[in-house]
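Look at the structure first, then read the points beside it.

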Amino acid sequence: MNPAPAGLPLVDAEEVRARISPSRARELVESALLDGFDPAGDPARAHAPAGEGHLLLMPSTLGEWVGVKIASVSPDNPGRGLPRIQAVYMLMDARTLTPRLLVDGVALTSLRTPATSAVAADRLAAPEASRLVVFGTGPQAVSHTLAIAGIRDLADVRLVGRTPGKVASALAEIAAHGITAEAGTAADVADADIVVCATSAAEPLFDGSLVRDGACVVAIGSHEPDRRELDAALMGRSHVVVEERGAALRECGDVVLAIGEGTLTAGDLVGLAPLVRGEAHRSTDRPNVFKGSGMSWQDLAVAVGVAPAR
């Protein structure tokens with residue numbers, strides 16, 4: 001752990017990964033909901049224009065801890081050799097709001113997003129699910145592959161991407177973790193037990209009619225109301241679980257656009273908390289969809305696991 005400029009301890013990306021495994025991150029997210037946390041009380045993600053991009057501010061409170069993630073989005077950064085998204089997380093104690101720790105926000109996001117997806121998929125996928133199709137080739141596609149491998153015994157893993165070189169790189173990274181995967185196509189959805197969508201797509205990635213009844217689809221690629229990875233027909237015939245209804249109606253294009261097209265209603269949406277607590281269950285006579293956009297409480301749940309024992 002290195003000292004931060006302001007004198008606060010800084011947990012860098014390497015240390016975050018050393019302290020929190022994907023399975024531990026999943027346990028931390030799950031525990032927050034089992035302990036009674038209500039995601040509806042989480043503040044909405046705030047967007048603020050800044051410089052040549054914008055900032056995302058994500059505060060939350062869980063028990064004895066308060067935290068806030070500040071993420072910067074600079075669209076031109078890749079051309080400068082810099083990440084498009086950068087982030088830092090500040091952890092405070094809830095009683096005095098005294099800053100206690102800074103955490104690498106990108107590493108935190110790379111853990112909490114697949115952890116939340118795995119919590120949902122563990123309840124929405126068939127116990128015997130073994131065939132996985134992942135759309136995307138970036139860090140979230142890789143981390144979601146590892147997260148799903150942590151909850152199911154996978155016999156067939158396919159990765160679907162637009163650029164062969166990026167697909168090959170992602171497959172190599174997955175192989176380094178002991179998971180055999182191969183390049184796939186959108187048609188592989190027809191045989192999949194679990195489908196993960198982790199892309200920057202604005203339009204549906206595949207024909208939703210390919211998804212079998214009882215299959216599980218996880219879509220986490222955007223938090224913008226005008227972008228989606230799943231078509232309205234699939235959303236309309238599925239059991240749809242979201243992190244929290246209000247957040248989904250604000251940010252999840254897969255949900256917002258399907259409602260606008262008349263295939264889905266807000267009343268059809270089921271929250272992740274009831275699913276985790278056993279108040280809702282997977283369907284076998286239709287697809288099961290989890291749409292996540294990322295919420296502040298998830299960052300905090302995992303960040304608390306990084307903090308020293310009090």
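Predicted model: local features only at pLDDT ≥ 70, side-chain atom pairs only at ≥ 80, totals over all residues.

Two packed helices are described by the angle between their axes and the distance between the axes.

**Helix α2**
- Helix α2 covers residues 22–34, which is 13 residues.
- From first C-alpha to last, α2 reaches 18 Å, close to the 18 Å expected at 1.5 Å a residue.
- Its buried residues are Ala25, Arg26, Leu28, Val29, Glu30, Ala32 and Leu33.
- These buried residues pack against β4 (53–62), α3 (105–124), α9 (272–276) and α10 (296–306).
- Just after α2, glycine 36 has a positive phi of about 105°.

**α2 against α3**
- The axes of α2 and α3 lie 8 Å apart, and the packing angle is about 70°.
- Angles of 65 to 115 degrees count as roughly perpendicular, so α2 is roughly perpendicular to α3.
- The crossing of α2 and α3 is right-handed.
- On the α2 side, the contact uses Pro22, Ala25, Arg26, Val29 and Glu30; on the α3 side, it uses Leu111, Ala115, Thr116, Ala118, Val119 and Arg123.
- By class, this contact of α2 with α3 has seven nonpolar, one polar and three charged residues.

**α3 against α4**
- Helix α4 spans residues 139–149, and its axis comes within 9 Å of the α3 axis.
- The two axes cross at roughly 45°, which makes α3 oblique to α4.
- The crossing of α3 and α4 is right-handed.
- Residues of α3 in the contact include Thr109, Ser110 and Thr113, and those of α4 include Gln140, Ser143 and His144.
- By class, the contact of α3 with α4 has five nonpolar, seven polar and no charged residues.

Note on methods. Residues numbered from 1 in each chain as written. Heavy atoms only, no water. Helix = DSSP H or I, 4+ residues; strand = E, 2+ residues; numbered from the N terminus. Expected span 1.5 Å × (residues − 1). Buried < 20%, exposed > 50% of the residue type's maximum accessible area, 1.4 Å probe, protein only. Contact = heavy atoms within 4.5 Å. Axes fitted to C-alpha atoms, helices over the stretch in contact; angles between N-to-C directions. Parallel < 35°, antiparallel > 145°, perpendicular 65-115°, else oblique. Left-handed = near helix turned anticlockwise from the far one by under 90°. Nonpolar A, V, L, I, M, F, W, Y, C, P; charged D, E, K, R; others polar.
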